[in-house]
Amino acid sequence: MYISKADALTWFEFFCQLPDDEPLPPRQQEIALAALSQIEEAEAARVEKLRSEIPGLKSLGGRSFYVGDDARFPRGCRSCLLGTGLSAVRKTNRCNLRCPFCYDYGEMELQPPIGAGYWEIGGTRFRAEDLPLLLSASNRPTGIAYVYLEPFMEIELYLPVIRAFHEAGIYQHLYTNGTLATGENLRALGAAGLDELRFNLGASNCADRVIEAIGIAKQHIPMVGIETPMTPDFFETFLQKKDAVLATGLDFINCAELHLNPNNLENYWGEPMYMYRQGYLSPTWSHELTLQLMRRAAEEGWPVAVHDCCNATKFARDLNLRAHEGGWFGASAYGMEFGAIPYAAFLPILEDDSFPFLREAPLPEGYRIGDVVL
Ligand code: SF4
């Protein structure tokens with residue numbers, strides 16, 4: 001079923017007035033999903049055009065795209081997309097920043113602790129002395145990632161665990177906003193055997209001292225890169241500081257497509273939104289900025305790998321993870337992060353004349369404005 005943009009707008013104005021806990025009847029759901037699908041298709045066409053303009057675009061096994069030096073493509077991403085998955089390790093439940101794009105925005109003080117002396121690995125609580133048991137009793141992952149909030153709040157606690165996994169030959173990567181990184185703690189991480197460090201450079205809006213920390217990290221840790229959500233602010237500041245960033249000798253830039261949840265949606269209210277595979281909700285500009293950055297990197301021959309970590313990549317990641325976990329055909333943890341479709345978030349894109357649908361058609365009888373649609 002196709003729908004015109006004008007009809008979609010009228011219906012969405014109606015849907016967003018309904019109580020959140022009141023599910024739409026099936027035909028109204030069909031209308032809502034048809035409109036979301038047409039927004040998704042129109043956005044996909046824009047993405048395809050931008051992709052076609054990137055010289056030397058490379059595919060990672062059909063699961064993701066990148067440009068640049070293959071040897072500098074992050075091994076942590078290969079593990080995530082082609083290996084046994086992300087294999088998340090969680091420890092720190094705090095952060096020193098409050099980024100508008102943070103998934104925990106407004107809830108930072110409410111993040112549950114893992115517990116003193118404890119680590120959460122694959123959803124289970126361990127003490128450091130349990131790691132030999134874990135390694136002997138489980139299938140070894142191709143890599144693990146320290147993923148929870150800001151590890152440099154207590155980075156000294158990580159060193160023995162990183163050392164233990166390093167001695168077991170497991171590839172490890174860690175995320176940081178970089179604002180608490182020093183020569184000393186970066187050197188200690190390298191000495192413990194951390195393989196890869198990823199800076200969320202957008203968290204500090206490309207602060208000079210974080211750029212400096214990237215350069216210091218590169219002296220101690222084999223793979224160092226940036227992983228940050230693509231926003232207009234980051235895009236603009238990054239291009240101003242691009243030469244300083246590239247001079248650090250970093251290996252890769254992972255451009256994450258910003259996706260929103262009930263915590264951070266309000267910070268991007270009024271932006272043009274689309275939904276990928278009825279799951280992640282994102283402003284359309286985020287992925288488009290990534291592709292513009294990749295094109296520039298390719299045209300100017302930046303000495304790094306620039307990776308398009310978009311919603312499609314996350315979709316592939318979750319399929320890969322479930323397949324390795326022995327999930328059924330098609331199983332995935334990928335999905336919508338809202339209890340119900342946030343209809344009001346789509347009004348700006350439906351009102352935007354510069355974002356046409358690829359194809360429009362009158363609604364069939366029984367689905368039209370003024371019909372009783374159940
Ligand atoms: S640095 Fe990371 S964890 Fe901290 S507020 Fe920003 S996005 Fe959230």
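This is a predicted model: local features need pLDDT of at least 70, side-chain atom pairs count only at pLDDT 80 or more; totals for chains, interfaces and linings use all residues.
**Exercise 1.** Which elements do the buried residues of α7 pack against?

Residues are numbered from 1 along each chain as its sequence is written.

*Step 1: find the helix.* Helices (H or I, at least four residues) and strands (E, at least two) are DSSP runs, numbered from the N terminus. Helix α7 covers residues 208–220, 13 residues in total. From first C-alpha to last it reaches 19 Å, close to the expected 18 Å (1.5 Å times one less than the number of residues).

*Step 2: pick out the buried residues.* Buried means 20 or more other C-beta atoms within 10 Å of the residue's own, exposed means 12 or fewer, and partly exposed lies in between, with C-beta atoms placed from the backbone. For α7 the buried set is V210, I211, A213, I214 and A217. They sit on the same side of α7 because their arc around the axis is only 155°, taken from the directions from the helix axis to the C-beta atoms. Turned away from that buried side is a face with the exposed residues D208 and R209.

*Step 3: list the partners.* The buried residues pack against α6 (183–192), β8 (196–199), β9 (223–229) and α8 (232–246), with contact meaning C-beta atoms, placed from the backbone, within 7 Å.

**Exercise 2.** Work out which element gives the most to the side of domain 1 that touches domain 2.

*Step 1: look at the contact.* It takes 16 residues from domain 1 and 15 residues from domain 2. On the domain 1 side, α2 (26–52) and α11 (347–351) each supply at least two residues.

*Step 2: answer.* That would be α2, with 8 residues. By class, this side of domain 1 has 10 nonpolar, no polar and 6 charged residues (Ala, Val, Leu, Ile, Met, Phe, Trp, Tyr, Cys and Pro count as nonpolar, Asp, Glu, Lys and Arg as charged, the others, Gly among them, as polar).

**Exercise 3.** Is V89 buried or exposed?

*Step 1: count.* V89 has 23 C-beta neighbours inside 10 Å, so V89 counts as buried.

*Step 2: name the contacts.* Leaving aside neighbours within four places in sequence, V89 is in contact with W119, I121, I144, A145, Y146 and V147.

Methods:
Two residues are in contact if their C-beta atoms, placed from the backbone, lie within 7 Å.
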